[in-house]
Amino acid sequence: MATHHSRSAARLMMAPTVILLLGWMLVPLIMTLYFSFKKYLPLRGGDLGWVGFDNYVRFVTSSSFWPSVATTLFIVGCVLAITVILGILLAMLLDQPMWGQGIVRILVIAPFFVMPTVSALVWKNMFMDPTNGILAHLWRFFGAEPVEWLSQASLQSIVMIVSWQWLPFATLILLTAIQSLDSEQLEASEMDGANHLKRFWYIILPHLGRAITIVVLIQTIFLLSIFAEIFVTTAGAFGTKTLTYLIFQRVLESQNVGLGSAGGVYAIILANLVAIFLMRIVGKNLDT
Amino acid sequence: MGQINLKKVSKSFGNVEVIPPLDLEINDGEFVVFVGPSGCGKSTLLRLIAGLEDVTSGEIAIDGQDATGLPPAKRGLAMVFQSYALYPHMSVRKNIAFPLKMAGLPVEERNRRVEEAAKVLNLTDYLDRRPGQLSGGQRQRVAIGRSIVREPEAFLFDEPLSNLDAALRMGMRLEISELHKRLETTMVYVTHDQIEAMTMADKIVVLQAGVIEQVGSPLELYKRPCNKFVASFIGSPKMNFVEGEEAAKHDAHTIGIRPEHIAVSSEEGLWAGKIGVSEHLGSDTFFHVAVEGFAESITVRADGEIGLEYGDQIYLTPKLDNLHKFDADGLRIE
Amino acid sequence: MARAVSSQRKLLNTLIAWSLGLIIFFPILWTILTSFKTEAQAINDPPIFFFFDWTLENYAVVQERSNYMRFLWNSIFIAGGSTLLGVLIAVPAAWSMAFVPSKRTKDILLWMLSTKMLPAVGVLYPIYLLFIELGLLDTRVGLVVVLMLINLPIIVWMLYSYFKEIPGEILEAARMDGASLKSEILYVLTPMAIPGIASTVLLNIILAWNEAFWTLNLTAAKAAPLTAFIASYSSPEGLFFAKLSAASTMAIAPILILGWFSQKQLVRGLTFGAVK
């Protein structure tokens, strides 16, 4: 519904965005693909020729590959479970009448605005330090031996830090979704004799279904590429090397670009598998 | 000068042709109303003239100059939208001055013209308010003010009164008519309301499915509708149509007679029937009469105090001078 | 709507919610408190909550030792620059998609979203290489460009969803009033969309401010923003909790404040309009 003039103007005005994003997507992608088929060691001889699928095979067969996949899945899975479950409970609580609701909301959301390096550092030192951390104080107060969090329970510690960062996101989105629930629907179900548990199970949870899916998908995409939290806390030691971190090490630390690029291609494929589902939901939403 | 000529103008959206090629002439100073049921293409036709949509084929000329490819800003037309489309972030003054600002007029000149328009439209006290603080009628007047300050070649109105309540609508109808008399500028007005069309227009264009059914003055359309569609669309309540034996008596497939052209009697007449629902308007009463032998009920206008009721026997006599005859295709027979 | 609830019930809600809220907020609160302690008090066992000798010394030390202001300026430059550049590029694109939609609009929007899904680590080396080639490594301009590109899809999406709420008739009215495309966007669309544009800007400043992959990997001494400034504290040197807290507080305070203003828009921006 527009004229020739406005349509050509529209094309012109969309061009910068489209060209920039196309370049941003294609140039590095093609370069990554290119390197992934090469033996390329910038500090040790540079470009050593084509090697076919060698890098892909080596990346998958290296002893650190499967552990890194397991670590990644563990972190993503645990964080998702924790944030979604606690998020639903918190959202339902925050939806109840209370005094100072706005302030509580702000308190709960705050961690989301803390930059990842800060939260990793604060948790690592001030909370998880085995001698001076708050948790150590707490353990000693109860007469227990302080835990060396980041070396003895490294994965759990990282899950805790990351969950703390992402709980606000889940809570906020689920709270928005709960608030859009028609209260008459709940009242009707109450009239129909449904108790609290049944109301939660048959009305609230299905209503939240879409929001939960979105939380899961978006968080998955971000969680698959968490970096700073590991970089700052353990630098990949003590079994906390995720796929992202492994690739980072291959590329920048050991400067094996070919191998790292092959890993990068795996990461891209993995992210896209998740993205397809997310796009489908978002796309459906565009039609309405 | 505000002469607008459409030559073989057509419009398609994708594969759907909403307006087959049509010709139309709008003369300088004329008040032309496009009327038709919703979805008949009247708004699209107006948007084609405005330049908000491209024609698929054909030519639009304004004052003899080809304007087919011109963007809306360059056509010298002003438009009043159904939703008024006021700029919510600007005061009334700035809203009205906007076209002048776009035209690059100096500030003093702008102010002078805005004040003038405000005086004409009774908006002087509201100049510093935002559109959100105005009533529907006032917003409507701001929209009109915004269109008149620029002294356009012609005004385009897209169902401007449909968001107002009935009382206001009557008032605004008069105001727009008065404005036209004073400015003597061409106005093209789109509405689905045949009463607006009848009361305001110099020339009515009746549209159905993108096709012009008839063009003429209100009285022409009333007296000599060229087909059944126009006959039933113009006039309120609607014209009665009778087919079959009764029509055959007049050598027609269908005959049409308006409710106001039927004589009513409780004693004798051409058609006998029983009164169904009646609508009392005070001055007039409309009876829906089930006439013996007719498939559909006949609506008639009677005096306000005739004193007949539901179920009473009634006799109707159509005035033959006002009888309309149509053939099997619905076209008028002279 | 609002249903009468017994005040006992309300009191209980309030208690539980406040406790949970304070627990979640505690790490931030503790960091802020610790930043005003001396190093000795910072690691005191049992921990001291409020009754310590409040001091601003740590802030002075942090600024002196690591030149906080330079990192802060880099963060402001990078977050602000990438957001403003992004908005300038995205406004026309969002206008096009919101008001002149075509059959492909939806596909383009989804494609833009998909570029956001590209894992950074997958393209780390190419970008790194390009940065060296173009002399952008460790420059603020380089980071402005990269962060702008990362957040461009979100900016376009948010603006698109806000523009969609503006009736097209108003823009058509502007056209009829003789406005050129430039005037239409400048005088009519932009002022009407100010609230939407403001929340887009706010959210993107937050995202850019906290971005910690590219800012860590593409900067060294010169262009490093606060994320890198903090990361430099990760190797402990003796008693340093109070100084770490002061540095952290300074890094998060500006964005914490901005974030509180934008919490409503956050949901819409981060879910690409799928949850409103």
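The mean for chain B is 90, and 100% of its residues score at least 70. Within chain B, the lowest confidence falls in helix α9 (residues 245-248), with a mean of 86, and the highest in strand β3 (residues 31-35), at 95. Helices (H or I, at least four residues) and strands (E, at least two) are DSSP runs, numbered from the N terminus. This is a predicted model, in which local features need pLDDT of at least 70 and side-chain atom pairs count only at pLDDT 80 or more, while totals for chains, interfaces and linings use all residues. Residues are numbered from 1 along each chain as its sequence is written, and chains are lettered from A and ligands numbered from 1 in the order in which they are written.

**Chain B: two domains**

Next, colour residues 4-231 of chain B as domain 1 and residues 241-333 as domain 2; such bounds come from an automatic or database domain assignment. The C-alpha centres of these two domains of chain B are 38 Å apart. Their contact involves six residues of domain 1 of chain B and eight of domain 2 of chain B. Two residues are in contact if their C-beta atoms, placed from the backbone, lie within 7 Å. On the domain 1 side of this contact in chain B there are four nonpolar residues, one polar and one charged. Here Ala, Val, Leu, Ile, Met, Phe, Trp, Tyr, Cys and Pro count as nonpolar, Asp, Glu, Lys and Arg as charged, and the others, Gly among them, as polar.

Now centre the view on Pro237(B), which lies in the loop between α8 (228-233) and β11 (240-243) of chain B. The peptide bond from Ser236(B) to Pro237(B) is cis, with omega at about -5°.

Move on to Ala85(B), in the loop between β6 and α2 of chain B. Ala85(B) is not a glycine, yet its phi is positive, at about 50°. Is Ala85(B) buried or exposed? Ala85(B) is buried, with 26 other C-beta atoms within 10 Å. A residue is buried if 20 or more other C-beta atoms lie within 10 Å of its own, exposed if 12 or fewer, and partly exposed in between, with C-beta atoms placed from the backbone.

**From chain B to chain C**

Show the contact between chains B and C, to which chain B contributes 18 residues and chain C 15. On the chain B side, β6 (77-80) and α2 (92-102) each supply at least two residues. That side of chain B consists of 15 nonpolar, two polar and one charged residues.

**Chain C**

Select chain C, which has 14 helices and zero strands. Its C-alpha atoms fill a box of roughly 70 × 65 × 35 Å along the principal axes. Of the 276 residues in chain C, 54% are buried. Chain C is divided into domain 1 (7-59) and domain 2 (67-232), whose centres, taken over C-alpha atoms, are separated by 36 Å.

Then display Ala94(C) and Leu159(C), which touch the most other members of the largest nonpolar core, a set of 262 residues. A nonpolar core is a set of buried Ala, Val, Leu, Ile, Met, Phe, Trp, Tyr and Cys residues joined through C-beta atoms within 7 Å. Helix α7 (residues 140-163) of chain C gives the most to this core, with 17 residues. Which residues does Ala94(C) contact, leaving aside its neighbours within four places in sequence? They are Val156(C), Leu159(C), Tyr160(C) and Phe163(C).

In the loop between α6 (124-133) and α7 of chain C, pick Asp138(C). Its phi is positive, at about 60°, although Asp138(C) is not a glycine. Asp138(C) counts as partly exposed, with 15 C-beta neighbours inside 10 Å.

**From chain C to chain A**

Highlight the contact between chains C and A, which takes 85 residues from chain C and 88 from chain A. On the chain C side, the largest share, 16 residues, comes from helix α1 (residues 7-34) of chain C. By class, that side of chain C divides into 64 nonpolar, 18 polar and three charged residues.

Finally, select chain A, with 13 helices and two strands. The radius of gyration of chain A, taken over C-alpha atoms, is 24 Å, well over the 19 Å that the globule rule gives for 288 residues, so chain A is more spread out than a compact globule. That rule is 2.2 Å times the number of residues to the power 0.38. The C-alpha trace of chain A spans about 75 × 75 × 30 Å along its principal axes, and 44% of the 288 residues of chain A count as buried.

Technical notes: pLDDT = per-residue confidence, 0-100.
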